[in-house]
Amino acid sequence: MSIEINNESGVPAPQEELVKLIRHILNAMHLHPQTEVSVILADLETMEKLHIEWMDEPGPTDVLSFPMDELRPGTAADPTPTGLLGDIVLCPVVAQEQAVAAGHSMDEELLLLTTHGMLHLMGYDHREPDEKEEMFGLQRELLSSFLGKEAPQETTR
């Protein structure tokens, strides 16, 4: 697996833990061992620019996902072929604000947002109630299995 983390935010973040989480998710979702994922931790200004440019929404957001090869989860018998899954952009400053509001740590919030972003890269969405139920259930399951305890409550933005 090729997992690249680039912290451009100026805020310390648990980069090694994010890599371990992404490996865990790729394995659990049966993606090829050579799947590539990139994570950028961005400052508020950069995140706001991306949010406006790609989502046409004002202000910074917590996480954005940019899928590349449209890879979907595989199975143990039929893993996904190798490819470039895509890029996740996280904003630690927004994550910190959300973590305080939710009553957990910024590191836990970044793990939660990374899991959320990974699912978006694999084609999951939460626009419709049934899609949200499926995606958020899988998000809790993946993060809980990684943490070895109940996942922190997801934030909504």
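Mentor: His 126 counts as partly exposed, because its relative accessibility is 28%. The cut-offs are these: buried means under 20% relative accessible area, exposed means over 50%, and partly exposed lies in between, with a 1.4 Å probe and protein chains only. This is a predicted model, where local features need pLDDT of at least 70, side-chain atom pairs count only at pLDDT 80 or more, and totals for chains, interfaces and linings use all residues. Residues are numbered from 1 along each chain as its sequence is written, and side-chain values use heavy atoms, with hydrogens and water left out.

His 126 is found in the loop between helix 4 and helix 5 (129-147). Helices here are DSSP runs of H or I with at least four residues, strands are runs of E with at least two, and both are numbered from the N terminus. Not counting residues up to four places away in sequence, His 126 touches His 116, His 120, Glu 131, Lys 132, Met 135 and Phe 136. Contact means heavy atoms within 4.5 Å.

One of those partners is also a polar one: the side chains of His 126 and His 116 are joined by a polar contact of 3.2 Å. A polar contact is a pair of N or O atoms within 3.5 Å; within protein, one must be able to donate a hydrogen and the other to accept it, and residues adjacent in sequence count only if both atoms are side-chain atoms.

Now take His 116. It is found in helix 4 (residues 106-121). His 116 is classed as buried because its relative accessible area is 10%. Leaving aside neighbours within four places in sequence, His 116 is in contact with Val 63, His 126, Met 135, Phe 136 and Gln 139.

UniProt, in an unreviewed entry, places the feature "binding site" at His 116, His 120 and His 126. The lining of the largest pocket includes His 116, His 120 and His 126. UniProt positions are given in the numbering used here, feature names are shortened, and annotations may be inferred rather than shown by experiment. On a 1 Å grid over the protein atoms alone, a pocket is an open set of points with protein on both sides within 12 Å along at least five of seven lines; lining residues have an atom within 4 Å of a point.

Helix 4 also packs elsewhere. The axes of helix 1 (residues 15-28) and helix 4 come within 10 Å and cross at roughly 35°. On the helix 1 side, the contact is made by Glu 17, Leu 18, Leu 21, Ile 22, Ile 25 and Leu 26. Helix 4 supplies Leu 110, Leu 111, Thr 114, Thr 115 and Met 118. Axes are lines fitted to C-alpha atoms, for helices over the stretch in contact, and angles run from 0 to 180 degrees between N-to-C directions.

Last, go to the segment after helix 5, where Glu 154 is found. Glu 154 is buried, with a relative accessible area of 14%. Its side chain makes a polar contact of 2.8 Å with the side chain of Arg 140. Leaving aside neighbours within four places in sequence, Glu 154 is in contact with Leu 112, Phe 136, Gln 139 and Arg 140.

Thr 155 has its place in the segment after helix 5 too. Thr 155 is buried at 18% relative accessible area. Its contacts, apart from neighbours within four places in sequence, are Asp 62, Gln 98, Ala 102, Glu 109 and Leu 112.

Definitions and conventions:
1 Å grid on protein atoms, 1.4 Å probe; cavity = no way out; pocket = protein on both sides within 12 Å on 5 of 7 lines; lining within 4 Å.
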